[in-house]
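Subject: Structure handover

Hello,

Here is the structure I said I would pass on. My notes on it follow below.

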Amino acid sequence: MRFGVKNERGQVAILFALVFTFMFILFAFVVDFAHLINNKINLQIAADTAAYTGAAWQARTLNQIGQVNYHLRQDLKELAMRVNVTHARHNREFPRGNGFIRGGNQQSSHQPFVCQQAHGYRSLSGVSYQKITNLCANADPRTGGLPPIVVPPVIASFDPFQVALNQQLTRIRDIADTQCRAAAFDNRALVNHLSQVYIQRAQFHADQVRKLESFLNEDMASETPSENTSHPLMKSVYETVRRNLSLSNRQDNFRIEVLRPNGNRYLELREYSTGTKLFYYDFSTAGSGCVAIPKRTDTIPIIAGFEKQQEIMTYFAVKVSAKPRLLFMPAKWVESTFPNLEAFAAAKPFGGRVGPKSNTDFLLPIPGRPNNDNPMINFSFVPNDNLGILNAKLLALFDRFHPFNDQGRPDGNQNTGWPEPDRADIRAALQLVRAPTIFDSMFFTVFPDPGGNINNDYEEPNFALALFPDFLEASAPDNTVITTQPPRTNPYFRNLSSQNRGPGWIQVNAPPGGGGDYGNYANEQIGSHSTTGVSQFDLVKDNPNEFGFASREQIHSGWTPNGQPGRIGYSVKFISFDGLMRFLEVQSTAGGTVPLANKPTGDPNLNKILH
C-alpha cells in the first residue's frame with residue numbers, strides 16, 4: 001500500500017466544465033450577436049420595403065393627377081375648337097380646303113369671331129333663315145354689312161306698278177331687318193353658354209386634382225401606420241413592415257414612425273387659370289342694313305392646369321424600430337441594456353410630370369404673365385408655337401372634320417352647326433382635338449387609350465391596359481366607359497366615386513350641366529377625354545408632326561424638354577437621408593436651385609444618418 005499519492009481522477013472533467021462554460025458563453029454570444037445582426041438586416045429590409053410601398057402609392061396618385069390635369073387641357077382645346085372653328089367657320093375668308101391644309105403654316109386673315117347665323121339658321125327668337133342666307137359673311141363689318149334696301153318715294157301714286165314695287169321692297173326690307181334684329185344677340189348668348197359650360201367642367205376636374213393632393217397631404221397627416229388605420233397608404237405601409245419582419249422582431253411591439261416632411265407637405269400644386277375673352281358678333285338693330293359689330297366678353301377665368309411646386313419634393317420616409325428577442329440572453333438584460341434596433345429608409349416617385357409649368361404654353365392667356373396680352377383662347381401644338389389652332393393649316397384641317405350641309409358648305413343651324421358631342425358627325429373633330437399634340441407628349445404624363453383601337457394606335461396591344469392609372473375611368477371615343485379590370489387593391493378614393501363604375505373610381509367626365517336656350521350643347525360626355533392618337537385620320541396619320549400631333553412613338557417615349565430622357569408616368573427609387581437632410585437641392589419654381597423646403601422631421605438623429 002502506497003501512502004502520500006493523491007487521487008487525480010476527475011480533474012479533466014473540472015477543466016472541461018470550466019472550458020465548456022466559457023465556450024458555451026462564447027457560442028451563445030456569437031449566436032446572439034449573429035441573431036442581432038440578422039434582425040438588424042431584417043429591420044432594414046422591412047423599412048426599405050415600407051418606404052418603397054409609400055412612394056409607390058404616391059407615384060400612382062401623381063399618375064392620376066397627371067391624367068386629370070391632361071383632362072383640363074383637353075377642356076381648353078375643345079373650347080378653343082368650338083370658338084375658333086365650329087362657330088367661326090361661317091365667317092368671310094375662313095380657310096377651307098386642301099389648298100390651306102397643304103399650303104403651309106400661314107396665319108388666316110378671316111375674322112375669328114363667333115358667328116352662328118348662317119345658312120338656314122333658326123334664331124333663338126324662332127325666325128328661320130333660308131339656306132342662301134349667310135349673315136356671318138355678308139354682314140362682315142369690313143363690307144359694311146348687308147346693303148340697305150331703300151324704298152323710293154312714290155312720285156306717281158296713280159302708277160299701280162310703282163306702288164306694288166314699293167310695297168314689295170318695303171316687305172323685303174322689313175323681313176331683312178326683322179331677321180337681323182332676331183339674331184342680334186344670339187352669338188352673345190352662345191358664348192355666355194360656352195363659358196359657363198367650360199368653367200363648370202374645368203372646376204370639376206380641378207376639384208378632383210385637389211382631392212388627390214389632399215390624399216397625400218391632409219389625409220395622411222392625421223393617420224399613422226397601424227392595423228386599424230383607415231388610410232390605405234398607411235395601411236399598406238403597416239402590412240409591408242409586419243409581413244417582412246422576422247418573428248423575433250415582431251414578437252415585441254415593433255414601432256413604425258413616418259418621418260413626415262416639414263409642414264406635412266408631400267405635394268404642393270399651384271393652380272393657374274386663363275384670362276380668356278371670347279370674341280363674337282352682335283348685329284345692328286338700328287336702321288336698315290345688317291352690320292356685324294365685333295364684341296368680346298369680360299375676362300373668363302378658366303382653370304388651365306396645375307403645376308407642381310419644385311421646392312416641395314414628394315417622397316416617403318420611415319423609421320422602423322424593434323427590440324428583438326435573443327436566443328440566450330435573458331429578456332430583462334435585453335430590456336435594460338440593449339438599445340432598440342432602428343432602421344431608416346426613404347424613397348420617392350420619379351420620372352414623370354403632372355403637367356407643364358404655367359409659362360410653358362405661351363398661347364394660353366395667363367393673367368399677369370409678361371408679354372402675354374393676347375386674350376384669345378388658343379393652345380400650342382408644339383413647344384414655342386406662335387399660331388396654335390389659329391394656324392390656317394389647322395383651321396382648315398379641323399374644318400374638314402366638321403359636319404357639312406347638303407350644299408357642301410358650313411351650316412349654322414342647330415342640327416349641324418351646333419353639333420352635340422355624342423353625335424357621330426362631330427365625333428371625328430372632337431376626337432382629333434383631344435389627340436395628344438407634340439406639346440402634350442413632351443410636357444404631360446400622357447397615357448394611351450385602352451380602347452378597341454389600341455392595336456392601331458400603339459405597338460403593344462396590352463400596353464395601355466397595363467399602364468392606365470388604376471381606379472381612373474377610361475373612355476372610348478363613342479362615349480362609352482371601357483371596362484378595364486379593377487386593380488387588386490381595394491378602392492381608396494371614396495369621395496371621388498364615379499357614377500359609371502361605382503365606389504373608388506375617379507369619374508372621367510363632369511356631370512351634365514348647361515341648359516338654357518342651348519340645351520345640353522357643349523356638355524361633357526364620357527368620351528370627352530378619350531386619349532387617342534391620329535392614326536385613324538387619313539390626312540394626318542402618315543406625318544402627324546406636320547400638323548403638330550404626336551406620333552405613337554412620341555407618346556410611348558413620353559418626351560421631355562431639353563432632350564432629357566422621358567418616361568410615361570412615375571416610377572420609384574430610393575433616396576438617401578444624407579441627401580434629404582444636407583446637400584440635396586431642387587429646381588426652383590422661380591428659376592435656379594434651392595434647398596429642399598420639406599425636409600423630413602420627427603427624429604433628432606436625422607442629421608447624422610449617412611447612406
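Glu268 counts as partly exposed, because its relative accessibility is 28%, which falls between the cut-offs of 20% for buried and 50% for exposed. Please keep in mind that this is a predicted model. Glu268 sits in the loop that runs between strand S1 (255-258) and strand S2 (269-276). Leaving aside residues up to four places away in sequence, Glu268 touches Glu213, Glu307, Lys308, Gln309 and Ile312. One of these, Lys308, is 40 residues from Glu268 along the chain, yet their C-alpha atoms are separated by 6.1 Å. The side chain of Glu268 also makes a polar contact with the side chain of Arg265, at 3.2 Å.

Another loop residue is Thr297, found between strand S4 (292-296) and strand S5 (300-308). Is Thr297 buried or exposed? Thr297 is buried, because its relative accessible area is 9% and the cut-off for buried is under 20%. Its contacts, again not counting residues up to four places away in sequence, are Val191, Asn192, Lys277, Leu278 and Tyr280.

Next, the disulfides. The count comes to 2, and with bonded cysteines counted along the chain the pattern is 1-2, 3-4.

Cys115 is joined to Cys136, with an S to S distance of 2.2 Å. The torsion about this S-S bond is about -95°, so the disulfide of Cys115 and Cys136 is left-handed. Cys115 lies in the loop between helix H2 (98-101) and helix H3 (135-138), while Cys136 is in helix H3, so the pair ties together parts that are 21 residues apart in sequence. Cys115 and Cys136 are both buried.

The other disulfide is formed by Cys180 and Cys290, whose sulfur atoms are 2.1 Å apart. Here the torsion about the S-S bond is about 75°, so the disulfide of Cys180 and Cys290 is right-handed. This pair links distant parts of the chain, 110 residues apart: Cys180 belongs to helix H4 (residues 160-182), and Cys290 to the loop between strand S3 (279-283) and S4. Cys180 and Cys290 are both buried.

Last, the cavities. A search of the whole structure finds 4 cavities of 30 Å³ or more. The largest cavity has a volume of about 70 Å³. Which kinds of residue make up the lining of the largest cavity? The lining divides into 7 nonpolar, 2 polar and 3 charged residues. Among the lining residues are Arg73, Tyr272, Pro356, Asp361 and Phe444.

Regards

Terms used. Residues numbered from 1 in each chain as written. Predicted model: local features only at pLDDT ≥ 70, side-chain atom pairs only at ≥ 80, totals over all residues. Heavy atoms only, no water. Helix = DSSP H or I, 4+ residues; strand = E, 2+ residues; numbered from the N terminus. Buried < 20%, exposed > 50% of the residue type's maximum accessible area, 1.4 Å probe, protein only. Contact = heavy atoms within 4.5 Å. Polar contact = N/O pair within 3.5 Å; in protein donor to acceptor, adjacent residues only side chain to side chain. 1 Å grid on protein atoms, 1.4 Å probe; cavity = no way out; pocket = protein on both sides within 12 Å on 5 of 7 lines; lining within 4 Å. Points joined across faces, edges and corners; volume = space filled by probe spheres on them. Nonpolar A, V, L, I, M, F, W, Y, C, P; charged D, E, K, R; others polar. Disulfide = S-S within 2.5 Å.
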